[in-house]
Amino acid sequence: MTGRQIQVDIDELVLHGFDRRDRHAIADAVRSELAASLVDWQPSEGRTDAYLDAGSFALPAGSLPAGVGRGVATQIRQAMD
């Protein structure tokens, strides 16, 4: 299918233990990683979730913003299946 669009709105993303100065770099990493992982994604037939709780996960201390963003995007993508 061509021309298909998927819109993902993240109302709230809570991250504990990160420098607030990294918030934009983390958000950018989430955005780009999630967009890349959804290129060939197809929702399960009949799935109409309006709300998704992607849960929580742990990262090693000192994780860089790009790694945090990848982790967040992976968690969201897995919750979508």
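How many helices and strands does the protein chain have? I counted two helices and zero strands. I note at the outset that this is a predicted model.

**Entry 1. The chain overall.**
I looked up the totals before any single residue. The protein chain has 81 residues, and 20% of them count as buried. Its accessible surface comes to about 6400 Å². Carbon and sulfur atoms hold 49% of that surface. I then checked how far apart in sequence the contacting residues are. Among contacts with a separation of 6 or more, 79% are between residues 24 or more positions apart.

**Entry 2. The core.**
Which residues make up the largest nonpolar core? I listed 10: Ile 26, Val 30, Leu 34, Leu 38, Trp 41, Val 68, Val 72, Ala 73, Ile 76 and Met 80. Both H1 and H2 supply at least two residues of this core. H2 gives the largest share, five residues. I set a general remark beside this: in soluble globular proteins, nonpolar side chains tend to be buried together.

**Entry 3. Val 68.**
I picked Val 68 from the core list and placed it in helix H2. Is Val 68 buried or exposed? Val 68 counts as buried because its relative accessible area is 0%, and the cut-off for buried is under 20%. I looked up its contacts, leaving aside neighbours within four places in sequence. Val 68 is in contact with Leu 15, Phe 18, Ile 26, Phe 57, Leu 59 and Ser 63. Of these, Ile 26 is also listed in the core. I also took one distance across the sequence: Val 68 and Ala 27 are 41 residues apart along the chain, with their C-alpha atoms 9.2 Å apart.

**Entry 4. Ile 76.**
Ile 76 is another member of the core. Which residues does Ile 76 touch, not counting those up to four places away in sequence? I found Ile 10, Leu 34, Leu 52 and Ala 54. Leu 34 is a core residue as well.

**Entry 5. Arg 77.**
I placed Arg 77 in helix H2, which covers residues 65–80. What does the side chain of Arg 77 reach at 3.4 Å? It is the backbone oxygen of Ser 37. Residues up to four places away in sequence aside, Arg 77 touches Leu 34, Ser 37, Leu 38 and Trp 41. Leu 34, Leu 38 and Trp 41 are in the core list.

**Entry 6. Salt bridges.**
How many salt bridges are there? I counted two.

- Asp 19 pairs with Arg 21, and their closest N and O atoms are 2.4 Å apart. Asp 19 is partly exposed because its relative accessibility is 32%. Arg 21 is exposed, at 68%.
- Asp 28 pairs with Arg 31 at 2.8 Å, N to O. Both residues lie in helix H1, three residues apart, which is about one turn of the helix. Asp 28 is partly exposed, with a relative accessible area of 45%. Arg 31, at 54%, is exposed.

I checked the Arg 31 label against the cut-off: exposed means over 50%, so 54% qualifies.

Which residues make the nonpolar surface patch of about 580 Å²? I wrote down Ile 6, Val 8, Ile 10, Leu 13, Leu 15, Phe 18, Phe 57 and Leu 59. Several of these names had come up already. Leu 15, Phe 18, Phe 57 and Leu 59 are among the contacts of Val 68, and Ile 10 is one of the residues that Ile 76 touches. I looked at one patch member more closely. Leu 13 is found in the segment before helix H1, which covers 23–37. Leu 13 counts as partly exposed because its relative accessibility is 42%.

Gln 7 sits in the segment before H1 and is exposed at 66% relative accessibility. Its C-alpha atom is 9.7 Å from that of Ala 35, 28 residues away along the chain. Asp 11 also has its place in the segment before H1. Asp 11 is exposed, with a relative accessible area of 80%. What is the C-alpha to C-alpha distance between Asp 11 and Tyr 51? I read 9.9 Å, for two residues that are 40 apart in sequence.

Technical notes
Residues are numbered from 1 along each chain as its sequence is written. This is a predicted model: local features need pLDDT of at least 70, side-chain atom pairs count only at pLDDT 80 or more; totals for chains, interfaces and linings use all residues. Side-chain values use heavy atoms; hydrogens and water are left out. Patches are made of residues with over 30% relative accessible area and no salt bridge: like charges are joined within 9 Å, nonpolar side chains (Val, Leu, Ile, Met, Phe, Trp, Tyr) within 5 Å. Accessible areas come from the Shrake-Rupley method with a 1.4 Å probe; for residues, only the protein chains shown count as cover. A salt bridge is a side-chain nitrogen of Lys or Arg within 4 Å of a carboxyl oxygen of Asp or Glu. Helices (H or I, at least four residues) and strands (E, at least two) are DSSP runs, numbered from the N terminus. Buried means under 20% relative accessible area, exposed over 50%, partly exposed in between (1.4 Å probe, protein chains only). Contact means heavy atoms within 4.5 Å. A polar contact is a pair of N or O atoms within 3.5 Å; within protein, one must be able to donate a hydrogen and the other to accept it, and residues adjacent in sequence count only if both atoms are side-chain atoms. A nonpolar core is a set of buried Ala, Val, Leu, Ile, Met, Phe, Trp, Tyr and Cys residues joined through side-chain atoms within 4.5 Å.
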